[in-house]
Amino acid sequence: MATTSADVQTTDYNDTVEKLKEFIENFDADDVVDGEQKYMKLLQDVANRKRRLVEIELDDIAAGLGNEMAERIRENTHRYKQLLERAVDECLPHPTDDLGRGDIADVLMASRSMHANDDGTTDPAQRLPARLKRRWQVVIIPESKQKHMPLRAIKAANIGKLVAVKGIVTRVSEVKAQICVATYTCEQGGWEIYQEVNERTFMPLLRCPVQSCCGVGRLHLQTRGCKFDKFQEVKIQEEADQVPVGHVPRSLTLHLYGDLTRSCSAGDVVTASGIFLPVPIRDTGYTGMRAGLITDTFLEAMCVEKHKKTYTDFTPTEEMQQQIEDAAGDDLYRKMAQSIAPEIFGHEDVKKALLLLMVGGGTREMPDGMKIRGDINICLMGDPGVAKSQLLKHIASVSPRAVYTTGKGSSGVGLTAAVVRDTSTGELVLEGGALVLADMGICCIDEFDKMEESDRTAIHEVMEQQTVSIAKAGITTTLNARTSVLAAANPAYSRYNPYKTPEENINLPAALLSRFDLLWLILDRVDKDSDERLANHVTYVHRYSTHPPLEFEALDSAFMRAMISHARQYEPSVPADVSEYIVDEYVAMRKHALEEPDRFVSARTLLAILRLSQALARLRCSNEVNRDDIIEARRLMEVSRSSITAALEDQQSRRAQKDTVSAVYRIIVDYAKVLNVPAVKMADVLGKVLSRGLTREDFQNCIDEYKDLGVWFVSDDKAWIRFVDKV
């Protein structure tokens, strides 16, 4: 029920204070200990200086004083906050713990109270302000049923009310001391005069206003006698998924006082509740003329809740939880991959890789503090018109947390962090860029090749160390940027030139390429059958405004987000037997890299295989990586590598056709030599063949051909291959 103007005019605030006192003294809650009421126990801790925040919950107000009182507090929060402070002043008990000798503030307060009692003055300027004696801060917690509002929904009608908003922290100022009560000493009479300061600016007193003192003496500001409070200004911005297309993100300034300061940093996602207030304009000169009737607004924060920036805080509905349980293990890897942008034709393996990027691997933190990243980085390169940008846009919309930007429209500081001058305080503050805002999410960078070289090097640290180090204008700090980088770029010559080497076509430094777990090259090849299927697919989408029917019903974005959040709760480990298999595979990859000059294998390649296999295990809702996960991760790496060298190999294939049957034969013979056995399992060899980028058809052709030649024979159950010369 909204409070009308008539209600406000007839409100007896003294009576309201009495009701609030009775509520504080008598409110009974479930957490009563030893017969002590909830708020009296809290105030006892405040009196014993164990805590400073007095949190008054509106749920308790509604339960103790009725919904009407809770509604009044919500509609006129600033005034009722002052009434609650008066009620707390009168209810505050005496300390039960020994506070010792106290500090300088205790000595000054004891002296002031003694002189005030002796003199008995009634002059307002000499009266001891209640704020000077307070070592605590009253905050009002919104009702649990009150949901946070989008920044765009806060209008002028919300001024003075208690609102809750959610956004990303983009700027945080330094914590400053703000004066609350100014204390002066009269030059002639020697009396102390007090001036309460309720705003950001104030006009100091120059002459003694107390007639009983002198009335004309000059005043001196006593720094030690004043009361200061901690103050910090924070700027929050709308989340990316709440900004309509083509609109500029809205921002809001938060004012934090006391113990609420330093409760968040740049890049954090927070829900802040407080009083929505206008900034008063005191200047009647040129500044006031320019402002006219327009005023800035801010939120006087009462509570700042920093969200856990992990996927474990996702709470699905019962219906969605049931869908996740039903779908788990039902070929989810293939179905989710095909549900990524089904309107885009083909790119099956690319979509599988993008799914693994959204799921990610597990981050490992060593006892000495060193971290090994689990986020997967992917770069898509290719000819214009192969839907690279559309894939990036779709991933940005499906992923629970993602930021989309372009290389040409982003500078180095726009990606990492900028040091800007605050217009209100004039000091230098940090403002997070796209990679900082995408913390614990995905940063999609389109037109990656259009970036300046100096700007591109800014993300080297982010892609491996997952931090942003700043040393500018006297500010030296490190920000978290735990994000996956999904980049899209065109070749150096706009279209891929098959007569150039892959290094000449890609035109990216090796230091940057090694940080990508997968580097895909998508070419627009001329092929009659493929072109016909593509044309039929595109015309179907244009005719019916939907994708062609799949073998199953495509999974919607809500289920994809829920399933990814569910999968990321698992932290897969590598068993001992699988670890040995990975070691053997890595050694074999290093050996083959010597035979192929265009192939580069390093320790980062091994870490990429581990990350991809952990993502596959998460999709299986398993806490252990198995051998099939390693085989699929190796297959994706081989397919991505072969996509880069495919164009060059197409030119070379005119002179010498690559013999896949011989390649499979060499794999089988090398495997048998390593084990030094006369027979090998068909399943083990098939896994190695598939991980090299070959197909089952190539494997079967090799088995049949060399069987006919009498090199080996296959058991009746087709489980073993035995060499004839070792029988």
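Author: Happy to. Let's start with a word we'll need: two residues are in contact when they have heavy atoms within 4.5 Å. Keep in mind that what you see here is a predicted model.

Reader: Can you show me one residue and its contacts? What does T170 touch?

Author: Leaving aside residues up to four places away in sequence, T170 touches K235, Q237, A266, L430, E431, G432 and L437. T170 sits in strand β3, residues 162–172. With a relative accessibility of 3%, T170 counts as buried, because the cut-off for that label is under 20%.

Reader: Now a whole helix. How many residues of α21 are buried?

Author: Eight of its eleven, so helix α21 (residues 557–567) is mostly covered. The buried ones are F559, M560, A562, M563, I564, S565, H566 and A567. They pack against α10 (318–327), α11, α12, α13 (388–398) and α23 (603–619).

Reader: Let's do charges. How should I think about salt bridges, and how many does a search of the whole structure find?

Author: The general idea is that side chains of opposite charge can pair when their charged atoms come close. Here the search finds 28 salt bridges. One of them joins the side chains of R74 and E71, at 2.2 Å from N to O.

Reader: Why are R74 and E71 separated by about one helical turn?

Author: A bit of helix geometry first: an α-helix has 3.6 residues a turn, so residues three or four places apart point the same way. R74 and E71 are three residues apart in helix α5 (residues 67–75), and that is why about one helical turn separates them. R74 counts as buried at 16% relative accessibility, and E71 is buried too, at 11%.

Reader: And which salt bridge links distant parts of the chain?

Author: Take R635 and D349, whose side chains meet at 3.0 Å, N to O. R635 is in helix α24 (residues 627–652) and D349 is in helix α12 (residues 348–359), 286 residues apart. R635 counts as buried at 18% relative accessibility, whereas D349 counts as partly exposed at 21%.

Author: R634 makes a salt bridge as well, with E585, at 2.6 Å from N to O. This pair links R634 in α24 with E585 in helix α22 (residues 576–595), 49 residues apart. Both R634 and E585 are buried. Elsewhere, salt bridges with shared partners join R373, E464, D517, R604 and R611 into one network.

Reader: What about charges on the surface? Which residues gather in the patch of negative charge?

Author: That patch is made of D524, D527, D529 and D531. Among them, D527 lies in the loop between β21 (518–522) and α20 (528–544). D527 has 38% relative accessibility, so it counts as partly exposed.

Reader: Last one: backbone angles. What is there to notice about phi at R262?

Author: As a rule, most residues other than glycine have a negative phi. R262 has a positive phi of about 60° although it is not a glycine. R262 lies in the loop between β8 (251–257) and β9 (269–278), and at 59% relative accessibility it counts as exposed.

Technical notes: Residues numbered from 1 in each chain as written. Predicted model: local features only at pLDDT ≥ 70, side-chain atom pairs only at ≥ 80, totals over all residues. Heavy atoms only, no water. Patch = residues over 30% accessible without salt bridge, like charges linked within 9 Å, V, L, I, M, F, W, Y side chains within 5 Å. Areas by Shrake-Rupley, 256 points an atom, 1.4 Å probe, with all protein chains shown as cover. Salt bridge = Lys/Arg side-chain N within 4 Å of Asp/Glu carboxyl O. Lys, Arg positive; Asp, Glu negative; His and termini not counted. Charge placed at Lys NZ, Arg CZ, Asp CG, Glu CD. Helix = DSSP H or I, 4+ residues; strand = E, 2+ residues; numbered from the N terminus. Buried < 20%, exposed > 50% of the residue type's maximum accessible area, 1.4 Å probe, protein only.
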